[in-house]
Amino acid sequence: MELSQTVEMMNSTDYKERFKAEYWQVKIRHDKLYKMVVKFEAGHLDFRPSCDIEFHKMQLDAMREYLYALEVRAELENIKL
């Protein structure tokens, strides 16, 4: 899924659809940032990040915790992600 595919869901009047959009937007961003950090650590990133890699890792940790919270909530509210 791409971010552009979540727009319709985000504009839905159904909170479950908006919830799914929020989940997928965070998941997509997390996965892309994760790949960037992995490439950086392996020395294969084709650019130099403008801030220290540790800030990117902190952001990943926060995103991972948020995804976990969304996944638990989805389970509790019976929202199929």
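Not counting residues up to four places away in sequence, His30 touches Leu60, Met63, Arg64 and Leu67, where contact means heavy atoms within 4.5 Å. The model is predicted, with pLDDT of at least 70 needed for local features and 80 or more for side-chain atom pairs, while totals for chains, interfaces and linings use all residues. Residues are numbered from 1 along each chain as its sequence is written, and side-chain values use heavy atoms, without hydrogens and water.

His30 lies in helix α2; helices are DSSP runs (H or I, at least four residues) numbered from the N terminus. His30 counts as buried because its relative accessibility is 10%, the cut-offs being under 20% relative accessible area for buried, over 50% for exposed and in between for partly exposed (1.4 Å probe, protein chains only).

Leu33 is likewise found in α2, which spans residues 15–42. Leu33 has a relative accessible area of 11% and is therefore buried.

Helix α3 covers residues 53–76, and α2 packs against α3 at an angle of about 150°, with the axes 9 Å apart. Axes are lines fitted to C-alpha atoms, for helices over the stretch in contact, and angles run from 0 to 180 degrees between N-to-C directions. The two helices, α2 and α3, are therefore roughly antiparallel (angles over 145 degrees; under 35 is roughly parallel, 65 to 115 roughly perpendicular and the rest oblique).
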